[in-house]
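Take a moment to look over the sequence and the fold.

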Amino acid sequence: MSDTKRWMLAGVAVAASAAVLAGRVSGGQDVQVLDAMNMRIVGHTDLNGKGDGGEGMDLRQYPDGRRIFFFAHVNAPNCLSIVDVTEPDAPEVLHQMPTVASHVRCNSLAVSGNILIVAQNTDEPGQPDGGARIYDVADPEAPQELAFFDTSGGPSRGAHFVWFTDGEYAYLSTGAPDFEPAVPPRGDDQFLMIVDVRDPRNPTEVGRWWLPGQRKGEPGAPLPRTKTRDGVRMHTGFTSPERPDRFYAGWIDGGMVILDIADKTQPTLVGHRSWYPITDGYLAHTALPILSRDLVIATHEARGQGCAGHPDARPSTRDGLQMPMWTVDISDERNPREIVQFPAPANTEELCEGISGAFGAHNIHMNRPTPNSAQLTQTVVAAMFAAGVRVYSIADPERPEEIGYLIPDAPPGSAVGVVQNNDVFVDENELIYANDRHTGGLYIIEYTGSVPLR
């Protein structure tokens, strides 16, 4: 990418087809944008130099009007940043928390009311402190730990993901000391565990479910898999008051799963779709249901270094690219069927010139059923590593269309020399919050296209 593409942005419009605006980086630096269409940066913070972003971001507006953003970090020694985003162009870090141990990552979090739950994933099986920590954040500047739900020990690496939106139940992707996976020491170890947190000081497991064949000794074990390090495991999950008896999960290397959770003590399988061996990667990383349209948006995490490392970004012709994001028809929920892959990013070939780091699909905005989360049914907002943040129209689910993107330049100190946008959250005012996996911190972005973000 030539230097002429790296526009310096300091709150003024750039006269180009990719016109953008930028806020100020904490520390006084100017935000830089590599390329953009129909999107602009309105604010940014490098989180006091602790800019490594995981897969957990959430927003709550407090009774006094303050809008507080919760940011999970992906690597020790950082666990959590709490940021006041009441003024999006001037985000202010209120509180930061280290991990409890150097082998723990606080990859995921969720907030409901005054309760914050942070997933705790250990580096290796058997290490202590894996599970979920529960905090009272009535005062976001001084979180108070209420409980530690311990799932560590034995073959477990603790919890990688948490879904918590109703103030009552937390849905964890976790291991457990009594669960012996089919492919130790790291593979097949994380599954769905439902935890009652109505008394947040005394969380209690009420039910669990795993993909048949994950547990040692079961018929069909071990399951077929790609060559990823971590085997078959639950990654993300979703449930909503719109369909409270259903749970939708992305099950890495196991596909997309729909469960009946009317009885939370005994979840049962409703539908399952595996992409193995069609796509060589983390299948399926994320599954977002759009229930009003009988759709699921499924993503498969891009793996490897550079564009040649994953089939969504082969630097050839755009027509030959595969994009591991799908629209999926769940009108017959017992037999989900993929409709079509999303198109490759419009500027893939240019972006792929000599990059390192991952390129392609990762997380998408998950439509949390909470007051401060956007409920998008016609558009999808995706974090795509070196391809930045992308917006797609799915008004026609058979023809997803890219309608906006923004690619920050490589943040200072990045080990891979490109941005690695890792996760996204869209608030009820349609502002987009995105992070960088390494050093970039939190970007606050406005979509400015003519197709509504809805």
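Cys106 counts as buried because its relative accessibility is 0%. Buried means under 20% relative accessible area, exposed means over 50%, and partly exposed lies in between, with a 1.4 Å probe and protein chains only. Cys79 counts as buried too, at 2% relative accessibility. The two cysteines, Cys79 and Cys106, form a disulfide, with their sulfur atoms 2.2 Å apart. A disulfide is a pair of cysteine sulfur atoms within 2.5 Å. A search of the whole structure finds 1 disulfide. The link of Cys79 and Cys106 is left-handed, with -105° about the S-S bond. This pair links distant parts of the chain, 27 residues apart. Cys79 sits in strand E6 (residues 78-84), while Cys106 sits in the loop between strand E8 (104-105) and strand E9 (109-112).

A word on sources. This is a predicted model, where local features need pLDDT of at least 70, side-chain atom pairs count only at pLDDT 80 or more, and totals for chains, interfaces and linings use all residues. Residues are numbered from 1 along each chain as its sequence is written, and side-chain values use heavy atoms, with hydrogens and water left out. Strands (E, at least two residues) and helices (H or I, at least four) are DSSP runs, numbered from the N terminus.

Now move to strand E10 (residues 115-122). Why is E10 largely enclosed by the rest of the structure? The reason is that 8 of the 8 residues of E10 are buried. Both faces of E10 are covered. On one side, Ile115, Ile117, Ala119 and Asn121 are buried; on the other, Leu116, Val118, Gln120 and Thr122 are buried.

Which strands pair with E10? Two strands pair if DSSP finds at least two bridges between them. E8 runs antiparallel to E10, joined by 2 bridges. Here Arg105 has Asn121 as its bridge partner. E9 is also antiparallel to E10, with 4 bridges. Leu109 is partnered with Val118 in E10. E9 and E10 form a hairpin with 2 residues between them, and Gly113 in the turn has a positive phi of about 60°. Strand E11 (residues 131-136) is joined to E10 by 6 bridges, again antiparallel. Ile115 stands opposite Asp136 in E11.

Next comes the packing. In soluble globular proteins, nonpolar side chains tend to be buried together. A nonpolar core is a set of buried Ala, Val, Leu, Ile, Met, Phe, Trp, Tyr and Cys residues joined through side-chain atoms within 4.5 Å. The largest core has 101 residues, and Ile117, Trp251, Ile297, Val381, Ile432 and Ile445 touch the most other members. Apart from it lies another core, of 16 residues, among them Leu80, Met97, Val118 and Tyr135.

Look now at an open sheet of 4 strands, in the order E19-E20-E21-E22, with antiparallel pairing. Its edge strands are E19 (233-240) and E22 (268-273), each pairing on one side only. E19 and strand E20 (residues 243-252) are joined by 6 bridges. Phe238 has Tyr248 as its bridge partner in E20. Arg233 is placed in E19. Arg233 counts as buried, since its relative accessibility is 4%. The side chain of Arg233 makes a polar contact with the side chain of Gln190 (3.2 Å). A polar contact is a pair of N or O atoms within 3.5 Å; within protein, one must be able to donate a hydrogen and the other to accept it, and residues adjacent in sequence count only if both atoms are side-chain atoms.
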